[in-house]
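Subject: Handing over a structure

Dear colleague,

I am passing this structure on to you, and I would be glad if you could read the notes below with the model open beside them.

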Amino acid sequence: MSLSSPTSACSSSRCYSSGLSLPIGFRSNPINVGLVCYPTRHNDAARKFVVACSSSSSDPLLVKAAKGQAVSRPPAWMMRQAGRYMAVYQKLAKKHPSFRERSENTDLIVEISLQPWQAFRPDGVIIFSDILTPLPAFGVPFDIEEVKGPVIQSPVRSEEDLKKLHPIDLDKLQFVGDSLKILRQEVGEHAAVLGFVGAPWTIATYIVEGGTTRTYTVIKSMCHTAPNVLRALLSHLTKAITEYVVYQVEHGAHCIQIFDSWGGQLTPDMWECWSKPYIEEIIHAVKRRCPDTPIVFYINGNGGLLERMKGTGADVIGLDWTVDMADGRRRLGSDVSVQGNVDPAYLFSPLPALTEEIQRVVKSAGPKGHILNLGHGVLVGTPEEAVAHFFETARSLDYQTVFQNHVPAEKAEPELVA
């Protein structure tokens, strides 16, 4: 199968189309729909998909807000809400020091994912995993070292390297599917179960650079020196990630968040070329196959990309804390939901200051289509009492009270929303 880039990628002279054909496509008999090729799926999987993706009046609060439906208060969860700041997690990590074990063992995944649910009752329970978790399932082994973090011993930088890749083998990710099923059973309809994936560009940065980087010089250079190879890699990742998203939904995820964590390291026009087309392809494919599943899209450092992010078709745009929520609302409009965007550092402040900031963000976001969250993940060392207060404050809010003297956000003049 040809791994050419989407023909609608962009018109910039800095974008390059790929004519590279390599033996790393999906299995035969694809169903062609527009620019996207979907592999055929067994009938029993299709039946599971219909059940998993059906809409219901009993949707959790977070799902309703993601869809822009009327709710009584903003649902709340936190990125990285399960993890190192919790004493119970630290105790478990001492018994199981390998992050790969903690994130690839069903019993441990479920236990860790439920720790913040049991402690704080957030409105969303996100599976404890990593954006790199699916890499070995399509031919990219990796390790996680204590100091260096992720390490990929064989980076992909040439046509020869691309031949190591293969279609994603979802059987190798059974621990993810099993964990999502259990989480769905555990929380019922009291909270939304959240799955997540990394965007193709962000995943590619690790695969090309060989691990974490602060400069992104190798992959940015490839945009100009080996564009066909990079396009082929991004196309392969797009297909694999699409399958992984649908797999998570089929196994219980109410909602999916796409993290383009390093998309903000690109200039806006380069992001349009090297990230946006592939995210669009994923979202459009998932919407065709699972139309009732909301998709949240987040970029770290997204202030210059908000309007472009909306163009991907995501249901919810996550804002980091460097964007004023009221300004973000003005720029995005009322036809898309938003998530965020309390500065994680506020959780180190006196609790009254945290309360005021939560209230400010909620008022700025308006009484519809807002998921309360941080602008980034919970920081190491965050006091657990502050996290508890965050969720208690969220539950205490009532839109009728908060906005009794305000015009609804979608009808208000911009200055009245702030």
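**Leu-230 and its surroundings**

Leaving out residues up to four places away in sequence, Leu-230 touches Trp-201, Ile-219, Met-222, Cys-223 and Trp-274, where contact means heavy atoms within 4.5 Å. This is a predicted model, in which local features need pLDDT of at least 70 and side-chain atom pairs count only at pLDDT 80 or more, while totals for chains, interfaces and linings use all residues. Residues are numbered from 1 along each chain as its sequence is written, and side-chain values use heavy atoms, with hydrogens and water left out.

Leu-230 is found in helix H10 (residues 227-250); helices (H or I, at least four residues) and strands (E, at least two) are DSSP runs, numbered from the N terminus. With a relative accessible area of 0%, Leu-230 is buried, a word that stands for under 20% relative accessible area, whereas exposed means over 50% and partly exposed lies in between (1.4 Å probe, protein chains only). The C-alpha atoms of Leu-230 and Ala-204 are separated by 8.3 Å, the two residues being 26 apart along the chain.

**Gly-377 and Arg-80**

Gly-377 lies in the loop between strand E11 (370-374) and helix H16 (384-396), and Gly-377 is buried, its relative accessible area being 2%. Again not counting residues up to four places away in sequence, Gly-377 touches Met-79, Arg-80 and Pro-344. Gly-377 and Met-79 are 298 residues apart in sequence, although from C-alpha to C-alpha they are 4.5 Å apart in space.

Arg-80, one of the residues that Gly-377 touches, is itself found in the loop between helix H2 (61-66) and helix H3 (87-95). Arg-80 counts as exposed, at 52% relative accessibility, and its phi is near 60°, a positive value in a residue other than glycine.

**Helix H14**

In helix H14 (residues 325-332), the buried residues are Met-325, Ala-326, Gly-328, Arg-329 and Leu-332. Seen down the axis of H14, these buried residues fall within an arc of 160°, so they line one face of the helix; the arc is that of the directions from the helix axis to the C-beta atoms. They pack against helix H13 (306-310), strand E9 (316-318), strand E10 (337-342), helix H15 (351-365) and E11.

Just after H14, Gly-333 takes a positive phi of about 85°. In strand E10, where Asn-341 has its place, a cis peptide bond joins Gly-340 and Asn-341, with omega about -10°.

**Arg-102**

Arg-102 is found in helix H4 (residues 99-104) and is buried, with a relative accessible area of 8%. Its side chain reaches the backbone oxygen of His-96 at 2.7 Å and the backbone oxygen of Pro-97 at 3.2 Å. Leaving aside neighbours within four places in sequence, the residues in contact with Arg-102 include Tyr-89, Leu-92, Ile-112 and Phe-128.

**Aromatic rings and charges**

The structure holds nine aromatic pairs, and rings of Phe, Tyr and Trp (its six-membered ring) pair if their centres lie within 6.5 Å, with planes under 30 degrees apart counted as stacked, over 60 as edge-to-face and the rest as tilted. The rings of Phe-196 and Phe-259 have their centres 5.7 Å apart and their planes at 85°, so this pair is edge-to-face. The pair links distant parts of the chain, 63 residues apart, with Phe-196 in strand E6 (residues 192-198) and Phe-259 in strand E7 (residues 255-259). Both Phe-196 and Phe-259 are buried. Tyr-89, Phe-99 and Phe-128 form one aromatic cluster.

Arg-231 lies over the face of Trp-274, at 4.0 Å from the ring centre, where a charge sits over a ring if NZ of Lys or CZ of Arg is within 6 Å of the ring centre and within 35 degrees of the ring normal. The charged end of Arg-121 likewise sits over the ring of Trp-117, 4.3 Å from its centre.

With kind regards

Notes:
Polar contact = N/O pair within 3.5 Å; in protein donor to acceptor, adjacent residues only side chain to side chain.
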